[in-house]
Amino acid sequence: MSLLAERKGPPAPLPRLEGKEVLIGSDPSIAKVKGVMFGGRKAFLLATVGEAGMQELVAKLSPRTAQYTKTPLASGWCEFETLIELDRAIYEMLKAKYPNVLALIGAASAELGIGRVYKSLDSEELTKFLENIALFHNQYQKFGAVRFEKTPSGARMIYSKYPCYSPIFCASAFGFFLEAILRHGGTEPTVQETKCQTLGDPSCTFEMTWK
Ligand SMILES: [Zn+2]
């Protein structure tokens with residue numbers, strides 16, 4: 001279970017779901033994300049609704065998306081639209097019980113990617129982790145660019161040049177960053193998406209602070 005899901009105190013932010021969505025874009029060959037993202041979703045589903053609940057959800061998906069969810073291929077490439085189909089289905093199934101479920105999905109991804117939990121804040125490791133996300137961006141997505149910037153009280157990630165985007169995707173990123181901060185021992189994490197490509201901005205910019 002992610003630290004974000006276990007956390008007492010302020011719940012993860014509710015998703016902002018308005019905004020434009022482009023699922024494929026002009027070049028379908030690059031509208032792809034790494035299969036490992038499905039691995040995080042599967043782990044989240046098994047921990048949250050169990051095998052039976054996951055089967056119930058998978059039955060509602062298109063065959064291709066159902067296959068990626070049942071048998072995630074960590075190093076394979078999957079169409080961006082299939083990830084959004086899955087996340088939207090999870091949101092619809094669980095939003096009544098977990099209004100912030102999209103953040104929890106992102107947190108599960110960070111949990112899978114980071115594993116260990118730091119006892120106390122290691123800002124250097126956290127910064128390195130975020131820098132590496134930017135550095136190895138093209139191993140996770142075939143589209144877009146990302147820039148990492150250090151700020152006085154945290155960091156900023158600037159995603160741009162996305163040919164495809166969805167508010168659903170941005171909502172899970174929130175949880176990913178919150179969990180990354182918590183796992184590195186950060187307290188009082190804040191994440192704000194100050195610009196968003198789904199709202200017509202040139203980038204999706206996530207401002208993060210921690211103590
Ligand atoms: Zn965005």
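Hi everyone. Before I start, one term: when I say two residues pack or are in contact, I mean that their C-beta atoms, placed from the backbone, lie within 7 Å. And please keep in mind that this is a predicted model.

Let's begin with α4, the helix at 80-94. It has 15 residues and reaches 21 Å from its first C-alpha to its last, close to the 21 Å expected at 1.5 Å a residue. Its buried residues are F80, E81, T82, L83, I84, E85, L86, D87, I90 and L94. And what do these buried residues of α4 pack against? The partners are β1 (32-34), α2, α3 (63-70), β2 (77-79), α5 and α7.

Now for the largest nonpolar core, which has 53 residues. The members that touch the most other members are A103, L104, A107, F177, L178 and I181. At least two core residues come from each of α1, α2, α4, α5, α6, β4, α7 and β6. Which of them gives the most? That would be α7, with twelve residues.

Last, two loop residues on either side of α7. K161 sits in the loop between β4 (154-160) and α7 (167-183), while E188 is in the loop between α7 and β5 (190-195). Most residues other than glycine have a negative phi. Here, though, K161 has a positive phi near 60°, and E188 has a positive one near 45°.

Are these two buried or exposed? K161 counts as exposed because it has 11 C-beta neighbours inside 10 Å, and E188 is exposed too, with 10 other C-beta atoms within 10 Å; the cut-off for exposed is 12 or fewer.

Thanks, all!

Note on methods:
Residues numbered from 1 in each chain as written. Predicted model: local features only at pLDDT ≥ 70, side-chain atom pairs only at ≥ 80, totals over all residues. Helix = DSSP H or I, 4+ residues; strand = E, 2+ residues; numbered from the N terminus. Buried ≥ 20, exposed ≤ 12 C-beta atoms within 10 Å, placed from the backbone. Core = buried A, V, L, I, M, F, W, Y, C linked by C-beta atoms within 7 Å. Expected span 1.5 Å × (residues − 1).
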